Amino acid sequence: MNKPIILLVRPQLGENIGKVARAMLNFGLTELRMVAPRDGWPNVDAGPSAAGADIILEKAIVYDDMASAVADCEHIYATTVRKRGVTKPVITPQEASQHIHRDSGKSIIMFGPERSGLESDDVTIARHIITVPINPDFGSLNLAQAVILCAYEWSKTQNLAIPPKNEIISPAPQSELDGMIKQLYAALDKKGYFYPEERTSATQRTLRNILTKPAWNALEIRTLRGIINALDKDSRKAKRDK
């Protein structure tokens, strides 16, 4: 599937590393590497913020230097909002994902420390720079946000399951719909709704057409029948009270 490797260069807070793991697993990325985490590794603060993405943290590999971390990778991408004086092809996360999906060999995406981002020496190792259109007056993404942008764009090149826009519940059987319609007819008939009498069949057809269009599910039909029943009871109670 040409999954890119995520490389955190000198990450600072364990909490942020955990958030990165969570972002990765949300979009199907599973390989995390780190270069010289400031507070060492493992880090007890990473687990809670990973929110269940513990497998990413357990398999994370720590390297002492950049050269070792990228040694087995053919395609190296650096994320930064500025080129920092380094002349490299600059592409968006979407374009990088298309390259990763298309190219053979391992791809790795580098992310710098939370406070300062990648240094110029880090960026020189990369073949491409990944950047995003961002507010020039406030180009500040946190570490997990930067990772999730790239992970999401990569996921769009895959066939990850897309949840339905709405929960899908099958329409109720015709017998349940017919029962509701007959109940409504009876309640309306008690109210003298079908008048004049010779128009009763036409009016009932119109009501049936209206009630058939929404494709009610069983729960909705039970709710509507309860409403009709409640209104009918109120009507009968009002007559007794008179």
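**Notebook: rings, sheet and salt bridges**

I began with Tyr193, which is partly exposed at a relative accessible area of 44%. The cut-offs for this term are as follows: buried is under 20% relative accessible area, exposed is over 50%, and partly exposed lies in between, with a 1.4 Å probe and protein chains only. I then looked up Phe194, which counts as buried at 10% relative accessibility.

I noted that this is a predicted model, in which local features need pLDDT of at least 70 and side-chain atom pairs count only at pLDDT 80 or more, while totals for chains, interfaces and linings use all residues. Residues are numbered from 1 along each chain as its sequence is written, and side-chain values use heavy atoms, with hydrogens and water left out.

**Entry 1: aromatic rings**

I wrote down how ring pairs are described: by the distance of the centres and the angle of the planes. Rings of Phe, Tyr and Trp (its six-membered ring) pair if their centres lie within 6.5 Å; planes under 30 degrees apart are stacked, over 60 edge-to-face, and the rest tilted.

How many aromatic pairs does this rule give? The count is 3. For the labels, helices (H or I, at least four residues) and strands (E, at least two) are DSSP runs, numbered from the N terminus.

I checked the accessibility of both residues. Phe27 is buried at 18%, whereas Tyr152 is partly exposed at 40%. I then returned to Tyr193 and Phe194, whose ring centres are 5.5 Å apart with planes at 80 degrees, so this pair is edge-to-face. Tyr185 joins Tyr193 and Phe194 in a cluster linked by ring pairs.

**Entry 2: the sheet**

I looked up the strand order next. There is an open sheet of 7 strands, in the order S3-S2-S1-S6-S4-S7-S5, with parallel pairing. Which strands are at the edges? They are strand S3 (61-63) and strand S5 (90-91), each of which pairs on one side only. Two strands pair if DSSP finds at least two bridges between them.

I followed the pairings around S1. S1 and S2 run parallel and are joined by 4 bridges; Leu7 has Arg33 of S2 as its bridge partner. S1 also pairs with strand S6 (residues 107-111) in the parallel sense, over 4 bridges, and here Ile5 has Ile108 as its partner.

On S2 I found that S2 and S3 are parallel, with 3 bridges, and that Met34 stands opposite Val62 in S3. Are the faces of S2 covered or open? Both are covered: Leu32 and Met34 on one side, and Arg33 and Val35 on the other, are all buried.

I also noted that S1, H1 and S2 make a right-handed β-α-β unit. Right-handed is defined with the strands pointing away from the viewer: the path from the first strand over the helix to the second runs clockwise.

**Entry 3: salt bridges**

I began with the rule behind this entry: side chains of opposite charge can pair when their charged atoms come close. A salt bridge is a side-chain nitrogen of Lys or Arg within 4 Å of a carboxyl oxygen of Asp or Glu. The structure holds 10 of them.

I looked up Asp122 and Arg10, whose closest N and O atoms are 2.7 Å apart in a salt bridge. Asp122 lies in helix H6 (residues 120-124) and Arg10 in the loop between strand S1 (5-9) and helix H1 (14-26), so the pair ties together parts 112 residues apart in sequence. Asp122 is buried at 6%, and Arg10 is partly exposed at 29%.

Asp72 forms a salt bridge with Arg33, with closest N and O atoms 2.9 Å apart. This pair also links distant parts of the chain, 39 residues apart: Asp72 is in the loop between helix H4 (66-70) and strand S4 (75-79), and Arg33 is in strand S2 (residues 32-35). Asp72 is partly exposed at 33%, while Arg33 is buried at 3%. Both residues belong to a network of salt bridges that links Glu31, Arg33, Asp72 and Lys106.

My last pair was Lys156 and Glu153, a salt bridge with closest N and O atoms 3.1 Å apart. Lys156 is partly exposed at 45%; Glu153 is buried at 17%.
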